[in-house]
Amino acid sequence: MGIQLHLRQVLITALFLGAPALAQEGKALVTGASRKPADTFLHQYAETRRFMNGRPAGARITPDEQSVLFLRTSPTSNVQVLYAFDVATGQARELLTPEALLKGAEETLTPEEKARRERMRVSARGFTSYNLSEDGTRLLVPLSGRLYVVDRATGKSTEVKTGPGVIDPRLSPDGKQVAYVRGHDVYRVDLGTNQEKRVTKGGTAEKTHGLAEFVAQEEMGRFSGYWWSPDAKSIAYTESDTSEVEKLTIVDVMHPEKGGEVFPYPRPGKPNAKVRLGITPVTGGKTVWAQWDAQKYPYLATVKWDKGGPLTLLVQNRLQTEEQVLTVDPATGKTRVLLTERDAAWINLQQDFPLWLEDGSGFLWYTERNGASEVELRRANGELERSVVKPGAGFRGLSRFVQSDRTLYFSGGPTPPESYVWRVKDGGTPEKVATGITGPAVDWGMVSKNGGILVLNSQGPKSMPRTLVMKGDGTKLGELPEVAQEPPFTPNFEVRQVGAKKFWTSLVKPRDFKPGTKLPVIVDVYAGAITTVVHQSMAAHLLNQWMADQGFLVVKVDGRGTPLRTAEWNRVVKHDFATVTLDDQIEAVQALAKEVPEMDLQRVGITGWSFGGYMAALAAMKRPDFFKASVAGALVTDWRDYDTHATERYLGLPEETPQAYEVSSLLTYAKKEGPIGALLMLHGTADDNVYFFHALKLSDALFRAGKPHQLLPLSGLTHMVADPLVTQRQYERVMAHFQQYLKSP
């Protein structure tokens, strides 16, 4: 479910097949003469990955600020190709294609790489990442477990002579070597000789070297397990021992003859992976182990080895109420405490921090200690120098700190449904750099090392994402070309604050909306502590418009417990997921209905995925008087069965706060007397984040309690759905459910 506060929209991403009783209704939506025009949109929506295929991704600005590299697919393919945009001419050219490297062979991925991409929510194929050397002369491109180095001057590509199954490859700071993980150990290749050398030894499936453990990837936003030293002479790496971690098995239910795949998965109150950090010369040799109080701070959350700064760690206690920033002496492994953060509820991570200044005089630090997001400048000894981005400015993510003039660029802003790129210097007042559209927008950007070029991704209520190339002052230089299919309509939605608590909401009306006509309501919910759903974004409301056009009003709500407002607003869900979160959805819908009388509060449904799936099922069981129908995807049934780092952050340890788990468990409400709302559950049988047994547990409890419901297992599918056909069938089935249970007064 993840904790990083990205500017990504959390949408329902399940897929499923219809149960017998309702399959015929769903079938009528997609076959024969009864096929509706809206279904053409749904086919396009799924085939184009929400109309995002063909749009630039993964942009990188070259150090000389003359080119912008980027990845892009065709309109109906998920295979990414590498391009270069010339800043001076405004023209783009194709640099490299997967076909040219594979020469007709099929792309293959190891189970470890598949799992890593699942954690990173990467559904594309072909080139999904690339490295650019610090001098900009070389590219490192992984593909199908192999590595290729591209000389930018000549365009020549050379395969790096590695063994099979390369994971997480990265160029050294001097661009002369490449390191990666293979067979549970770290390896490197000197590009001058193109010979593979082992860096670490003794890695096994249960004691990996250089790979981030599950909770680091899924919950901390740390996807790597090794780091180059700035001089490229040493590598720091994690050893993750999962021998004591509980193992869960996933079986392909369509192919039981294949057996099961086993994953270490730590559940609340049970053992985590034991993680330590070693430092070793790249030429091999003795490992020096970093020394810190791992009993008190078992989580190695962040590792930074920035130019100008020491090897720096961020470690957390198990409940994530306390963390320390430590520097490490690579020669001895001894550590020194620079900073200790505490929060009575929990501490949110930001992986960009700490960020050392290149002169070593200090580092930038992210905190919510003073009531909201803030960026501080701290001296090299950890002492506070000043606040750079003050609480209330709405810091969400770092775009760049330009070392030459000490200017910090960041994305965010004080209004949660909007986001812009800002710059601030010497702790002054942030100023908006630029935006790509007129009116409210959702922007994020990256800035070149010297601050001369800004690449801005910009979208708004009436515009899909565009990627603009600008000068550092916001002057437009060009636009990265796209070949995307454009949606056939612009969503008819509005964003507003409602109620005494000033909830942010969005409301989507049918395009043929008739004032005065009562319509049933569908609440598209997430409500978790890691992200918001109300955005000034056309892309975020396309599917909601398709739903609304079938005779509904579709509502999104950001209630208490969500981020981007105050720390107190976010932390109100401590020890209780099931009360404030649901109460606020209802209160906001009722407040919105006072302003929109066409909302029929006698016919309200709710749908969500992941934490949103949990909320949708909770609504059906706890408040069936308000929510008459529910579609719950990839739901967490009992939080004792989710992972440690996410769950314990909010609910504590099960043995210490059992009441938090009891009040937050769906099983508690399944046992209560009385009927429930019409509940449809969807769940991938191969989900290795929220395991399929969550849905089975709730279904079993409801069955034993005599409460009718529907469960649609999604055979072989994970937490993330990439199959266009099944995505299409998924939403057809969702709407069949709401048509059946909400259309009649």
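Predicted model: local features only at pLDDT ≥ 70, side-chain atom pairs only at ≥ 80, totals over all residues.

Me: Is strand β11 largely enclosed or exposed, and how many of its residues are buried?
Reply: Helices (H or I, at least four residues) and strands (E, at least two) are DSSP runs, numbered from the N terminus. Buried means under 20% relative accessible area, exposed over 50%, and partly exposed in between, with a 1.4 Å probe and protein chains only. On one side of β11, Gln177, Ala179 and Val181 are buried, and on the other Val178, Tyr180 and Arg182 are buried. Strand β11 (residues 177–182) is therefore largely enclosed by the rest of the structure, the number of its residues that are buried being six of the six.

Me: Which residue of β12 stands opposite Tyr180?
Reply: Two strands pair if DSSP finds at least two bridges between them. Six bridges join β11 to strand β12 (residues 185–190), and the two run antiparallel. They form a hairpin with two residues between them, and Gly183 in the turn has a positive phi of about 60°. Opposite Tyr180 stands Tyr187.

Me: Which residue of β11 is the bridge partner of Arg170?
Reply: Strand β10 (residues 167–171) runs antiparallel to β11 and is joined to it by three bridges. The hairpin of β10 and β11 has five residues between the strands, and Gly175 in its turn has a positive phi of about 75°. The bridge partner of Arg170 is Ala179.

Me: How are helices α8 and α9 oriented to each other?
Reply: Axes are lines fitted to C-alpha atoms, for helices over the stretch in contact, and angles run from 0 to 180 degrees between N-to-C directions. The axes of α8 (residues 580–595) and α9 (residues 611–622) come within 11 Å and cross at roughly 80°. Angles under 35 degrees count as roughly parallel, over 145 as roughly antiparallel, 65 to 115 as roughly perpendicular and the rest as oblique. The two helices α8 and α9 are therefore roughly perpendicular.

Me: With which residue does the side chain of Asp584 make a polar contact?
Reply: Asp584 lies in helix α8, and it counts as buried because its relative accessibility is 0%. Not counting residues up to four places away in sequence, Asp584 touches Lys501, Phe503, Val557, Gly559 and Arg560 (contact means heavy atoms within 4.5 Å). A polar contact is a pair of N or O atoms within 3.5 Å; within protein, one must be able to donate a hydrogen and the other to accept it, and residues adjacent in sequence count only if both atoms are side-chain atoms. At 2.8 Å, the side-chain partner of Asp584 is Arg560.

Me: Which residue caps the N-terminal end of α10?
Reply: Helix α10 (residues 644–651) is mostly covered, with eight of its eight residues buried. These buried residues pack against α5 (214–220), β21 (299–304), β22 (311–316) and α11 (658–664). At the N-terminal end, a side-chain oxygen lies 3.2 Å from the backbone nitrogen of His645, and the capping residue is Asp643.

Conventions
Residues numbered from 1 in each chain as written. Heavy atoms only, no water.
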